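Q: I would like to learn how to read a model like this one, feature by feature. Could we go through it together?

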Amino acid sequence: MRALESALRTRIAGEVDFGTGARALYATDASNYRQVPVGVVLPRTTEDVLEAVRACREHGVAILPRGAGTSLAGQGCNVALVMDMSRHLRNVLSVDPDRKIARVQPGVVLDDLQRAVKPHGLIYGPDPATHAWCTLGGMIGNNSCGVHSVVAGVTADVVEDLDVLTADGLRLRVGRTAAEDFDTVSREPGRRGDVYRRLRELSDRHADEIRARYPRIPRRVSVTSWMRFSRSTSSTSRARWSDPKARASPCWKRPCG
Ligand SMILES: Cc1cc2nc3c(=O)[nH]c(=O)nc-3n(C[C@H](O)[C@H](O)[C@H](O)COP(=O)(O)OP(=O)(O)OC[C@H]3O[C@@H](n4cnc5c(N)ncnc54)[C@H](O)[C@@H]3O)c2cc1C
């Protein structure tokens, strides 16, 4: 791991810590699991994230992005390079009150986002009990809920689009996509088309069975999001913010848990 550590130290501006103290600190999340990471990186910039993922790819090391580490099922710890987004990548970049959209870095804490949108009479609907610590990146990873998600929707309902980096280095902007646009991208040559095509194939192969056999619970994470995926590729509905002044808005009537 020394080679990876030294590559990271020369290639990224953020902090790199492969010491036993840091590795012990990041070995647990809010679950019962304990997995000692290979090392810890605190990226300062998006370029740091790109570079750290590239270095891990070159050295055959797994990656684990992390926010506040409040996950309850071990999602926040692994034998991997932990990238803690909460230290430096924690800014609300912009708020557009008319469109009810904010652009944020992945490590922004939910309460900081709430403070930024409150002057506009807005709140971010999903609010886990950990709202003073949890990050938007972690909320998206977990499809977080919280008491107000019952009326405002879960995190997946209120994400407009994402700047995504895959482990193999593909960077792409993703969001709700109309079925015909999804088909167009699926026919593209290259990695992006390949990802879209294989997602659609997986969905076609398994969605009916998931739909038939998975219990009707509104909070879905990971593979059980296929139903949402198959809906989202055929829907142009937009992500919504919950506006406390707009109680007639359909998002307050949505039955979620
Ligand atoms: C006491 C307690 C109460 C809780 N109450 C609730 C609740 O009411 N509702 C609820 O939904 N949850 C709840 N949780 C679970 C958890 O707090 C939330 O899901 C929270 O939103 C997770 O945010 P985090 O920043 O801690 O994420 P983390 O635990 O750091 O990460 C969560 C997942 O997202 C991934 N991830 C993080 N950042 C990124 C990124 N930038 N890019 C890609 N992937 C990323 C991680 O790898 C991990 O898989 C609770 C947990 C505790 C301990």
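Predicted model: local features only at pLDDT ≥ 70, side-chain atom pairs only at ≥ 80, totals over all residues.

Q: Which strands pair with E2, and in what sense, parallel or antiparallel?

A: Strand E1 (residues 15-17) runs antiparallel to E2 and is joined to it by three bridges, with glutamate 15 having leucine 42 of E2 as its bridge partner. Strand E4 (residues 81-84) pairs with E2 in the parallel sense, also over three bridges, and here valine 40 has valine 82 of E4 as its bridge partner.

Q: Is strand E5 well covered or hardly covered?

A: Strand E5 (residues 92-96) is hardly covered, since the count of buried residues among its five residues is zero. E5 is joined by four bridges to strand E6 (residues 101-104), and the two run antiparallel, with valine 95 standing opposite alanine 102 of E6. Together E5 and E6 form a hairpin that has four residues between them.

Q: What should I make of phi at lysine 100?

A: Most residues other than glycine have a negative phi. Lysine 100, in the loop between E5 and E6, has a phi near 55°, a positive value in a residue other than glycine. Lysine 100 counts as buried because it has 22 C-beta neighbours inside 10 Å, where the cut-off is 20 or more.

Q: Where does asparagine 143 lie, and what is its phi?

A: Asparagine 143 lies in the loop between H5 and helix H6 (149-152), and its phi is positive, about 50°, although it is not a glycine. Asparagine 143 is buried, with 21 other C-beta atoms within 10 Å.

Q: Which residues come nearest to the ligand, and which elements give residues to the shell around it?

A: Of the 28 residues around the ligand, those that come nearest are Gly67, Ser71, Gly137, Gly138 and Gly141. The elements that give two or more residues to this shell are strand E3 (63-66) and helix H5 (136-142), and H5 supplies the largest share, five residues. By class, the shell holds 12 nonpolar, 14 polar and two charged residues, and at least three residues are drawn from each of domain 1 (2-84) and domain 2 (92-162 + 239-252).

Q: How many helices and strands are there, and what do the totals say about the protein chain?

A: The protein chain has nine helices and eight strands, and 32% of its 257 residues count as buried. Among the contacts with a separation of 6 or more, 56% are between residues 24 or more positions apart.

How values were computed
Residues numbered from 1 in each chain as written. Near = placed C-beta within 6 Å. Nonpolar A, V, L, I, M, F, W, Y, C, P; charged D, E, K, R; others polar. Domains from an automatic or database assignment. Buried ≥ 20, exposed ≤ 12 C-beta atoms within 10 Å, placed from the backbone. Pairing = 2+ DSSP bridges. Contact = placed C-beta atoms within 7 Å.
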